[in-house]
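Hi everyone, thanks for making time today. Please have the picture open while I talk.

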Amino acid sequence: GKTKYLGLSEAGPETIRRAHAVHPVSALQTEYSLWSRDAEEDLLPLCAELGIGYVAYSPLGRGIFTGEITGADDLAENDRRRDHPRFQGENLENNIRLVQPVLDLASDKGVTPSQIALAWVLARGDQIVPIPGTRRSDHLESNAAAMDIDLSEADMTNLEEAMTPGAAAGTRYPAGGMKWLKL
């Protein structure tokens, strides 16, 4: 009786069901973006079934959907993304190519690539709330403006076909981090 709301992070379906049976789970936080779409297979349907809100972290793909990363030189020497497989060598080259449809759509609509990526997450369901990280107030305002962008069914289809689940090259985290994911 001491806990009113319970949230989980990076939990798998079995864990979510077990926890929800003991106490209603209010929210699940897991990475979700155009290039991290694994949640679509089982987590998002499970959250919808159980009435659990989904908190999508890293909805800008750790910055790849800002359009500002065009190569490894755009990452500072001490940037921790340099340790992430998606930001290394051929993986990074492949992943930068994946961003092109986002850049094109942003240009067509006169908005930023970040806004397109956030609008896509927002359009995936009312129970999904993206939480992009930002350090600057102008980015915060720009991110908030994504709520006003309407993506057509064709826009959604084009983005999803360009970045099918598993299209991103490399794992979400280095090997040491991946071992902690129980998905």
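**A walk through the model**

Let's begin with Tyr 5, which sits in the segment before β1. Before I go further, a reminder that this is a predicted model. Is Tyr 5 buried or exposed? Its relative accessibility is 59%, so Tyr 5 counts as exposed, the threshold for that being over 50%. Setting aside residues up to four places away in sequence, Tyr 5 touches His 23 and Ser 26.

Four strands form an open sheet in the order β1-β2-β3-β4, and the pairing is parallel. Which strands are at the edges? Those are β1, residues 6-9, and β4, residues 128-131, each of which pairs on one side only. On average, neighbouring strands of this sheet are turned by 25° against each other, with direction ignored. Looking at one pair here, β3, residues 53-57, joins β4 in the parallel sense over four bridges. You can pick out one partner pair by eye: Tyr 54 has Ile 128 in β4 as its bridge partner.

Helix α1, residues 13-22, packs on this sheet and touches β1 and β2. The direction of α1 makes about 160° with that of β2.

So how do the two helices α1 and α2 sit relative to each other? Their axes come within 10 Å and cross at roughly 15°. Angles under 35 degrees count as roughly parallel, and therefore α1 and α2 are described that way. The crossing of α1 past α2 is right-handed. For the residues that meet there, α1 brings Pro 13, Ile 16, Arg 17 and His 20, while α2 brings Leu 43, Leu 46, Glu 49 and Leu 50.

My last stop is the loop between β2 (25-31) and α2 (43-50), where we find Ser 36. Arg 37 is in the loop between β2 and α2 as well.

Why does Ser 36 count as buried? Because its relative accessibility is 3%, and buried means under 20%. Leaving out neighbours within four places in sequence, Ser 36 is in contact with Glu 31, Arg 86 and Arg 172. With two of these, the side chain of Ser 36 makes polar contacts: one of 3.1 Å to the side chain of Glu 31, and one of 2.8 Å to the side chain of Arg 86.

Arg 37 is buried too, with a relative accessible area of 7%. What does the side chain of Arg 37 reach? It gets to the backbone oxygen of Met 163 at 2.6 Å, and a polar contact of 2.8 Å joins the side chains of Arg 37 and Glu 40. Beyond four places in sequence, the contacts of Arg 37 are Tyr 32, Trp 120, Glu 160, Met 163, Thr 164 and Pro 165. And one more distance for your viewers: Arg 37 and Thr 15 are 22 residues apart in sequence and 19 Å apart in space, C-alpha to C-alpha.

Terms used. Residues numbered from 1 in each chain as written. Predicted model: local features only at pLDDT ≥ 70, side-chain atom pairs only at ≥ 80, totals over all residues. Heavy atoms only, no water. Buried < 20%, exposed > 50% of the residue type's maximum accessible area, 1.4 Å probe, protein only. Polar contact = N/O pair within 3.5 Å; in protein donor to acceptor, adjacent residues only side chain to side chain. Contact = heavy atoms within 4.5 Å. Pairing = 2+ DSSP bridges. Axes fitted to C-alpha atoms, helices over the stretch in contact; angles between N-to-C directions. Parallel < 35°, antiparallel > 145°, perpendicular 65-115°, else oblique. Left-handed = near helix turned anticlockwise from the far one by under 90°.
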